Amino acid sequence: MNSTCRTIFLSITDSTKYMIFCTLIFCLVSAQTWEHYLTPKNFYSIEKYNNSIWMTSQFSNNWNRDYYGGGLVQFDLTNNETKHYTKVNSKLPTLSVTSLFRDSENRLWVGLVDHGIIVISGEEWYNFDRESHLLPSVVHDIKEDDNGLIWAIGNDTLCVFENEEWSVVETPVWDSDNDSFRHLQVLNKNKIWIGTKRNGLFQYDNGNWTHFTVDSSTGIDVRGIYSMSYVDSTLWIIADKNEIYAFQSDQWTDYSIPSEQFYQIIGINDSSFWALNYNRLLKRKGSDTTFYKPPANLISNYSLRSF
């Protein structure tokens, strides 16, 4: 079997679907039955939009600006056909695509390196270029808040799109050398969380910023953030020391599993979540733990999405 690229789509019986992408596409149609699909590229980020799975195409295996330089790929779920978008056949101003997000108005927001953000609405593509709109040089994450505002982060910059204009939001002064804002969760203008690669978690709450790193009294260590998810007033976090945490009402709860390193998380409610590592998918529901494992240990690049 060709193993050039693998992506996983996971469908659970509660009608919520989860996508995991790696180098082969798998679909878990029941607890024991898997289906798989092949696509021609490696990927970094993934989103569902208009009956298709859209993916940022990985070009290089090196963690530098060229890592993202493979353009944008559309996998049509109706016919299993793949289309690769580049600067030649689309309005992409660069092949370096970093992040994807579908908003409540059914628009696909595409984060870029050095060229801002592309918004896809049906057949229309529009580019918010970096220099004119004060966007980060690398757009690592894009989210929508409860009021329909679009937010973007990257490097040491947080931006919000409101009234058809982008503006920069003031953030705390921090040591951003060799680090950047990577992960974002936004409830509204008064409730924001930003995760960094090495410098912990920032929380904005009604005018005040709080910086979380290590709490010696509790053992909580969130210096490096791999993934964040927000649901039912609970912020779920995976940190880089094998930790899974829930943050609710200013209290931390540790859900870590010894000897298991997870990389992506999606919260189900205030006590349940999905988490993904290289070998398997974990579902934690209350005190019950279930593992789902694909037919082979093929997960290399990884992401987890719900739709």
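**Notes on the model**

1. Thr196 touches Trp174, Asp179, Ser180, Phe181, Arg182, Phe202, Arg223, Gly224 and Ile225, leaving out residues up to four places away in sequence, where contact means heavy atoms within 4.5 Å. This is a predicted model, in which local features need pLDDT of at least 70 and side-chain atom pairs count only at pLDDT 80 or more, while totals for chains, interfaces and linings use all residues. Residues are numbered from 1 along each chain as its sequence is written, and side-chain values use heavy atoms, with hydrogens and water left out.

2. Thr196 belongs to strand S18, residues 191-196; helices (H or I, at least four residues) and strands (E, at least two) are DSSP runs numbered from the N terminus. With a relative accessible area of 0%, Thr196 is buried, the term standing for under 20% relative accessible area, with exposed meaning over 50% and partly exposed in between (1.4 Å probe, protein chains only). A polar atom of the Thr196 side chain lies 2.8 Å from the backbone nitrogen of Asn199.

3. Asn199 itself sits in the loop between S18 and strand S19 (201-205), and it counts as buried because its relative accessibility is 19%. Its side chain is joined to that of Asp179 by a polar contact of 2.7 Å; such a contact is a pair of N or O atoms within 3.5 Å, and within protein one must be able to donate a hydrogen and the other to accept it, residues adjacent in sequence counting only if both atoms are side-chain atoms. Apart from neighbours within four places in sequence, Asn199 is in contact with Trp174, Asp175, Asp179, His211, Thr213 and Arg223.

4. For aromatic residues, rings of Phe, Tyr and Trp (its six-membered ring) pair if their centres lie within 6.5 Å, and planes under 30 degrees apart count as stacked, over 60 as edge-to-face and the rest as tilted. The count by this rule comes to 21 aromatic pairs. One of them is formed by Phe128 and Trp166, which is edge-to-face because the ring centres are 6.0 Å apart and the planes stand at 80°. This pair links distant parts of the chain, with Phe128 in strand S12 (residues 124-128) and Trp166 in strand S16 (residues 165-169), 38 residues apart.

5. How many salt bridges does a search of the whole structure find? The search finds seven, a salt bridge being a side-chain nitrogen of Lys or Arg within 4 Å of a carboxyl oxygen of Asp or Glu. Asp114 and Arg130 form one of these, their closest N and O atoms being 3.9 Å apart. The two belong to distant parts of the chain, 16 residues apart: Asp114 is in the loop between strand S10 (108-112) and strand S11 (117-121), and Arg130 is in helix H1 (residues 130-133). Asp114 is partly exposed at 35% relative accessible area, and Arg130 is partly exposed at 34%.

6. Asp221 forms a salt bridge with Arg223, with 2.6 Å between the closest N and O atoms; Asp221 is buried at 9% relative accessible area, whereas Arg223 is partly exposed at 39%. Elsewhere, salt bridges that share partners join Asp103, Glu105 and Arg107 into one network.
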